[in-house]
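Me: I would like to learn how to read a strand within its sheet. Could you take me through one case?

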Amino acid sequence: MNSIIEIENLTKEFNGFVAVDHISLSVEEGEIFGFLGPNGAGKTTITKILCTILNPTSGTVKVCGYDVTQERDSVRTCIGIVFQDSCIDKFLTGKENLDFHARMYHMDRRIRERRIAEVLDLLDLKGKENIKISDCSGGIQRRFEVARGFMNHPKALFLDEPTLGLDIQTRRSLWDYIRMLNEKEGTTIILTTHYIEETDYLCHRVAIMEQGKIVALDTPEKLKGVVGSNLLSLQIANSDDTNLLNSLKELAWIKNVEVHNGSLEMSIAGRDERIPQLVEFADEHGFIITAIDLHQPSLEDAFLHYTGRTIREEEEDTKELRKARMIRGGK
Amino acid sequence: MQAVRATKFIDPLPIYTMWLRQMKRFLRVKARLASSILMPFLFLAFLGLPLSFIPAREIQWMPVGLNFLDFLAPGIVGMTLLFAATMSGASVIWDKEFGFLKEVLVAPVNRFSIILGRSLGGMTTAVIQALIIVAIAVAMGVKISSVSGFFLSIVFMILICATFTGFGLILATKLGDMEGFMSIMNLIIMPIFFLSGAFFPLQAMPAWLRYIMYVNPLTYGVDGLRGTLVGGAAFPLWLDFTVLLILSIVLAGLGAYFFSKMEAD
């Protein structure tokens, strides 16, 4: 397998604020690779650097074998991008948008028309190509943007939060299109998202990001596997958690216990039979259980495991941080 | 793997594409066209026309053979061009944030070609607007001095456009964000318009005001338009032409240069 993206020791600073902090990774050809993290984790910054619209502060970045600062035009020829905020021309029709885009890549008329027909077909947009974009629904607009990113046969397609602001059904269908594009055309897809389901559903490998750093990088299955085979959450009413935590250590089948938001998250060996055992154990030690829940680990749990919080809490924190920075900076 | 083209400095296909897109947008958004013509129309109809009822011989400085509407019309054409061209140059900034340019900037196309095509599109639409204003003025009774003068005025229109598109581009790339831009815009544009000789002739002004008007690029634009369209110019036409030509090359060149410098940062 060839790697299509090679990042070595990449750092990006904005006026002393480190947005991306010494990241190294590589993405293989044909992969769907995801950057998962809350807003402000540095995902979009990485994408911009990979797409040659932002220069790294230090480190080397190669896309399709070309250096993003030295060989910009070569990189640009072999990538496609769908931006986080929609930037399709709303006064033009979908077809005009695709056509203009193709001209920018020096595709001549015959090739252009054939390719437009192809991408319209791939994304089920036939019959909608002559409607003004502003009259299309949000999902269709987004699909036209994906189609546009796909016009120039990119080897790598970047999708920056592709399903942001779409409803669940539209999101699901877009996921299927993305997967299909990856399979049919063999395009490497680099996705940034803060939707855990999205990475879980789509990605072959995921990098979990937090404050400009990668805290974990693996397949979704392995990331979940690290958390344990089964997870048990437990809440008690009449004692503090540390007390119970200490007592629980007696039980051999509990592999790991973490306290989070007044609830004990433990990974366990075994399945449903552990619930009555735990209830019995609590009875013996005089704890009163208020809630108990057994579930398979999700990527959310993996995220929690690696960062110590849920993605929603991370986002609250980033917002606070931003606010603080804004007040301090006066801008 | 497709061959990587070295991007040429002047690349016809992207230039044409950017131009075509500006034209399509212009023709499709009728409301915007109407609103951009409304303001000059109001000036002509409710300022120029009423003042033209004052007998021209009672206005001492009025060039022979003109009434106030004749005098004002080239100034209003100049205003139309000033507003349209500056906005076209400046709108590059938000097109880059939210629009088509953002997507174009990740395409393997030389930046100079992109900005050239876009500016040519903006200039074409501005000249069309100016010609509509000329037509409106003629309908109100302005007498165009000659056919050759009319065609010559189009040359001046293009030069005014190039100058102020460049000016808008420079402002936009230097000022950056939009909110600040809109307020500064009026602060700069309105004095340029008022002190261009659109409403009053340079010859009749005291020296200190004349010097201010001498450094205003639009003064030469309005004077050139007046000379070609209705007569009664303050400077010889070759002077207007030369000054504008130099200014347009310098400002448009500088604007394009600043824009192409806006590579990755």
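This is a predicted model: local features need pLDDT of at least 70, side-chain atom pairs count only at pLDDT 80 or more; totals for chains, interfaces and linings use all residues.

Me: Which residue is the bridge partner of Leu36(A) in strand 8 of chain A?

Reply: Residues are numbered from 1 along each chain as its sequence is written, while chains are lettered from A and ligands numbered from 1 in the order in which they are written. Helices (H or I, at least four residues) and strands (E, at least two) are DSSP runs, numbered from the N terminus, and two strands pair if DSSP finds at least two bridges between them. Here the partner of Leu36(A) is Thr193(A), and five bridges join strand 3 (residues 32–36) of chain A to strand 8 of chain A in parallel.

Me: Which residue of strand 8 of chain A does Phe158(A) stand opposite?

Reply: Phe158(A) faces Ile190(A), and strand 7 (residues 156–160) of chain A pairs with strand 8 of chain A in the parallel sense over five bridges.

Me: Why is strand 8 of chain A largely enclosed by the rest of the structure?

Reply: In a regular strand the side chains alternate between the two faces of the sheet. Thr188(A), Ile190(A) and Thr192(A) point one way, Ile189(A), Leu191(A) and Thr193(A) the other, and all are buried (20 or more other C-beta atoms within 10 Å of a residue's own, C-beta atoms being placed from the backbone). Strand 8 (residues 188–193) of chain A is largely enclosed because six of its six residues are buried.

Note on methods. A residue is buried if 20 or more other C-beta atoms lie within 10 Å of its own, exposed if 12 or fewer, and partly exposed in between; C-beta atoms are placed from the backbone.
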